[in-house]
Amino acid sequence: MSTLIEVKDLKRYFPVGRVNLFGRHMSFLRAVDGVNFEIRKGENLGLVGESGSGKTTLGRTIIRLIEPTSGSIIFKNENETIDIAALKPGELRRQWRHMQMIFQDPYASLNPRMTVKEIIGESLIANHLASGDELNEQVKDIALLCGLKIRQLSRYPHAFSGGQRQRIAIARALIMHPEFIVCDEPVSALDVSIQAQILNLLKDLQQELNLTYLFIAHDLSAVAYACERVGVMYLGRLVEMSVTEEIYYTPKHPYTEALMSSIPPDSPELSMQKLFIKGEQPSPVNPPSGCTFHPRCKYADDGRCRTEVPEFREAFPGHFISCHHAENLDLQGALKQEIAIASNGMANKGRIDDLNKRRGKIISSQKK
Ligand SMILES: Nc1ncnc2c1ncn2[C@@H]1O[C@H](COP(=O)(O)OP(=O)(O)OP(=O)(O)O)[C@@H](O)[C@H]1O
Ligand code: SF4
Ligand SMILES: [Mg+2]
């Protein structure tokens, strides 16, 4: 699979607190702090991590809804390779045709004074790309693809349920035929029964339109169901990234291990020991020295863990980890039964069976 986006040493610092005599801020909150990874063409890459770890800031910075502090975001399509971080405003607006975002809250993200047709077609009108019958046709096509009905196009958002509103938001994101979409918690605000429908819609659209997603979510079961690879964020940095099966069943970073132990069990006998992470998440204004996870890590040593920032490196083929001891730790992953049960609401047993089969293969190949 070829690379669509390559993120290099991306940082986004927010100025906080007092300013000095020259009007400059003295402290900065490191929401995204030197992130390196690639998003492959046609994949659904999940991004997980506790609240405040920087997922939304990273997603928005990649498509420059938030300005990066430094770093580059290389976008490669068939014809050109460009650094999104270096684009001028006019060029960036043109680039947004290729990159869109779906937000968490379908109630807040739709203008209540516009009809569904106006909402979906707005970008085409603003960019002078279609008008009249052509505009109507394009809006109708995308609306139908997203499971909306033609008669619903003249209505206003308040007449729709959360799930239908998210369909409208997805249609709006797709109208410009983007290649890449950041989905920021696209199902978190919806009822569990509706979540599966929207996840399945996103999956179908991805296959039909050859889309690439960055899928940000708290819900580890939704990510297990939807994503082929997963990145784990902690305090503004990626700490682990690999194929979904490895992240869930054979994690190599102590933070991921603790995260996976939080997946709810289906019965007490199956339950693994829940690993509580000690202490509070440190402030991203004054992150700890060395490995920023060291004050909470039960495997931390008194040397390098406290003094040396671990590099985010490919410790195993395709498996990136930032931990000095990744090769030597024997960590536990989620139990397959737990993932299967927790994902029942997602209504795709085939995918889960597949996941469990591959888990068996990974574990046996690692034991050899
Ligand atoms: N505009 C801003 N100004 C100052 N700080 C901000 C701003 N936006 C985000 N932050 C801070 O940046 C850090 C990362 O926030 P972000 O919203 O990206 O986290 P998140 O992982 O998406 O969290 P959640 O899971 O709760 O959505 C947090 O400490 C947050 O308070
Ligand atoms: S580098 Fe040290 S402190 Fe950080 S995760 Fe690894 S063992 Fe824990
Ligand atoms: Mg967020």
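1. Basis. The model is predicted: local features need pLDDT of at least 70 and side-chain atom pairs count only at pLDDT 80 or more, whereas totals for chains, interfaces and linings use all residues. Residues are numbered from 1 along each chain as its sequence is written, and chains are lettered from A and ligands numbered from 1 in the order in which they are written.

2. Eight strands form an open sheet with mixed pairing, in the order β6-β7-β8-β3-β9-β10-β12-β11. Strands here are DSSP runs (E, at least two residues), as helices are (H or I, at least four), numbered from the N terminus; two strands pair if DSSP finds at least two bridges between them. The edges are β6 (99–102) and β11 (313–316); each has a single partner strand, so one side of each lacks a neighbour in the sheet. On average, neighbouring strands of this sheet are turned by 25° against each other, direction ignored; axes are lines fitted to C-alpha atoms, for helices over the stretch in contact, and angles run from 0 to 180 degrees between N-to-C directions.

3. Strands β9 (residues 229–234) and β10 (residues 237–243) run antiparallel and are joined by six bridges, with V230 opposite S242 in β10. Helix α1 lies across β3 (44–48), β7 (180–184), β8 (212–216) and β9, at about 155° to β8.

4. Twelve bridges pair strand β1 (residues 3–19) with β2 in the antiparallel sense, and I5 stands opposite I39 in β2. Their hairpin has five residues between the strands, and G23 takes a positive phi near 80° there. β1 is also joined to β4 (residues 70–76), antiparallel, by five bridges, where K11 stands opposite S70. S70 is exposed, because 12 other C-beta atoms lie within 10 Å; a residue is exposed at 12 or fewer such atoms, buried at 20 or more and partly exposed in between, with C-beta atoms placed from the backbone. From S70 to A86 the C-alpha distance is 9.9 Å, at a sequence separation of 16 residues.

5. Leaving aside residues up to four places away in sequence, L214 touches I39, L45, L47, G59, I62 and V182; contact requires C-beta atoms, placed from the backbone, within 7 Å.

6. Helix α3. V116, I119, I120 and G121 are buried in helix α3 (residues 116–126). Their cover includes α4 (132–145) and α5 (162–174). H128, which follows α3, has a positive phi near 55°.

7. Ligand 1. The shell has 13 residues, with F14, A31, S51, T56 and T57 nearest; a residue is near if its C-beta atom, placed from the backbone, lies within 6 Å. β2 (25–40) and α1 (55–62) each supply at least two residues, and α1 gives the most, with three. By class there are four nonpolar, eight polar and one charged. Ala, Val, Leu, Ile, Met, Phe, Trp, Tyr, Cys and Pro count as nonpolar, Asp, Glu, Lys and Arg as charged, and the others, Gly among them, as polar.

8. Ligand 2. Around ligand 2 there are 13 residues, of which C291, C297, A300, C305 and C323 are the closest. This shell has nine nonpolar, four polar and no charged residues.

Conventions: Two residues are in contact if their C-beta atoms, placed from the backbone, lie within 7 Å.
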